[in-house]
Amino acid sequence: MLQDAVSPAIVWPNEPVLPRNCTFEPDDWAILAKHWYPVAMARELGSAPVGTKLLDQPLVIYRAGGETVVAADICPHRGVPLSLGTQTDEGVVCAYHGLRFGAGGRCTHVPASPTRDIPDRMRTQTFPSVERYGLIWTCLLPEADSPAPGDIVAMPHWDDAGFQQIVCPWIDIFGFAGRQMEGFLDVAHFAFVHTDTFGDANNAEVPLYKAVRTDYGFEAEYWSTVGNYPIGVEGRGVPDFNWLRHFRCHLPFTATLTIHFPGTDRLVIMNAASPVSAKVTRLFAPMARNFDTDLPLQDVYDFNLRVFHEDKAIVEAQMPECLPLDPMMEAHIPADMSSLAYRRGLRDMGLSRFFTA
Ligand code: FES
Ligand SMILES: [Fe+2]
């Protein structure tokens with residue numbers, strides 16, 4: 001029996017183990033690892049296994065029959081990343097000796113011993129996986145194998161009739177997810193960072209607004225005359241229109257923004273900042289809108305990319321790279337209500353004051 005030749009040492013432990021070369025403080029990692037994050041777009045899967053990282057944990061994502069498997073990206077045989085392998089209908093095939101791993105991470109084929117039994121414990125470590133908003137979500141330290149209501153952030157209007165669902169390609173930001181999130185929630189930078197896309201250099205004043213605590217984080221309704229139509233698109237402006245931007249911040253790293261355009265037009269943007277490590281963030285951005293639904297998606301992708309690149313340049317330059325949760329460590333202005341609420345929320349989660357490595 002092959003089973004006799006298998007050392008227990010190759011079986012992955014179920015207890016949480018910090019990833020090698022973890023860039024987070026161990027206590028912060030254990031708190032963050034209990035949350036769900038997107039790790040790939042569903043449309044990336046199919047022809048090849050997808051390799052990625054979450055909180056420094058290397059992951060491989062593959063299909064096995066109808067199942068999407070999120071697993072540790074290491075073959076339990078001799079430690080080769082499974083993401084170097086190939087995708088078949090039955091699962092992922094390791095590049096080194098061709099062991100195949102299928103549903104539940106179980107090894108289903110050993111080419112060198114094709115007729116021997118394969119012990120059930122010959123499997124990769126897997127994590128739960130859920131597909132939502134066109135994204136694959138996972139959690140490294142889940143309470144249960146499937147998400148409880150609220151584990152995966154709710155996106156307004158995604159399933160509403162008349163709304164188009166758009167999954168923008170992700171972008172990598174070489175900065176910390178907390179800094180990126182804070183930038184998404186920031187309403188004082190439009191007149192300086194986004195003047196080539198939608199901002200107005202002559203409209204920098206931030207009217208007072210409130211950040212209201214919720215069970216998931218906080219929300220803020222921000223009213224201003226800063227429009228959201230792309231610059232250069234003629235005939236769409238409504239003079240003196242008062243725009244509502246409704247932010248919902250879900251701790252730690254996801255937010256939604258519902259922008260109330262003139263009339264009943266709505267655009268919802270989800271900012272899901274997936275922490276690859278403490279120094280790299282993969283930003284996923286599903287959107288929903290009930291206008292311009294017949295226009296080419298590529299135009300939305302391109303415009304969104306330009307906006308996020310404007311933000312990326314700032315986030316990658318910020319010092320320190322981490323997010324200081326001690327209110328005394330950076331200066332604040334009245335427009336920072338959301339930023340202060342965000343930092344307070346992260347502090348209340350028990351994260352380090354100087355967050356993170
Ligand atoms: S290392 Fe993967 S099959 Fe041997
Ligand atoms: Fe921005």
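Reader: Hi! Is cysteine 322 buried or exposed?
Author: Cysteine 322 counts as buried, because its relative accessibility is 5%. Buried means under 20% relative accessible area, exposed over 50%, and partly exposed in between, with a 1.4 Å probe and protein chains only. Keep in mind that this is a predicted model, where local features need pLDDT of at least 70, side-chain atom pairs count only at pLDDT 80 or more, and totals for chains, interfaces and linings use all residues. Residues are numbered from 1 along each chain as its sequence is written, and side-chain values use heavy atoms, leaving out hydrogens and water.

Reader: Thanks! Which cysteine sulfur is closest to that of cysteine 322?
Author: That would be the sulfur of cysteine 22, but it is 15 Å away, so it is too far for a bond.

Reader: And how many disulfides are there in the whole structure?
Author: Zero, from a search of the whole structure; a disulfide here is a pair of cysteine sulfur atoms within 2.5 Å.

Reader: OK, new topic. Where is histidine 250?
Author: Histidine 250 sits in strand β15, which covers residues 243–250. Strands (E, at least two residues) and helices (H or I, at least four) are DSSP runs, numbered from the N terminus. Histidine 250 counts as buried, because its relative accessibility is 11%.

Reader: What is histidine 250 in contact with, leaving aside neighbours within four places in sequence?
Author: Val153, Ala154, Tyr216 and Ala255. Contact means heavy atoms within 4.5 Å.

Reader: Which peptide bond is cis around leucine 251?
Author: The one from leucine 251 to proline 252, with omega near 0°. Proline 252 lies in the loop between β15 and β16 (254–260). A cis bond also runs from methionine 319 to proline 320, with omega near -10°. Proline 320 is in the loop between α5 (297–317) and β19 (323–324).

Reader: Nice. What about the phi of aspartate 56?
Author: Aspartate 56 has a positive phi of about 75°, although it is not a glycine. Most residues other than glycine have a negative phi. You will find aspartate 56 in the loop between β2 (50–54) and β3 (57–64), and it is buried, with a relative accessible area of 5%.

Reader: And aspartate 292, what is its phi?
Author: Aspartate 292 has a positive phi too, of about 55°. Aspartate 292 is in the loop between β18 (281–289) and α5, and it is partly exposed, with a relative accessible area of 23%.

Reader: Last one: how many helices and strands are in the chain?
Author: Six helices and 20 strands. Of the 357 residues, 50% count as buried.

Terms used:
Chains lettered and ligands numbered in written order.
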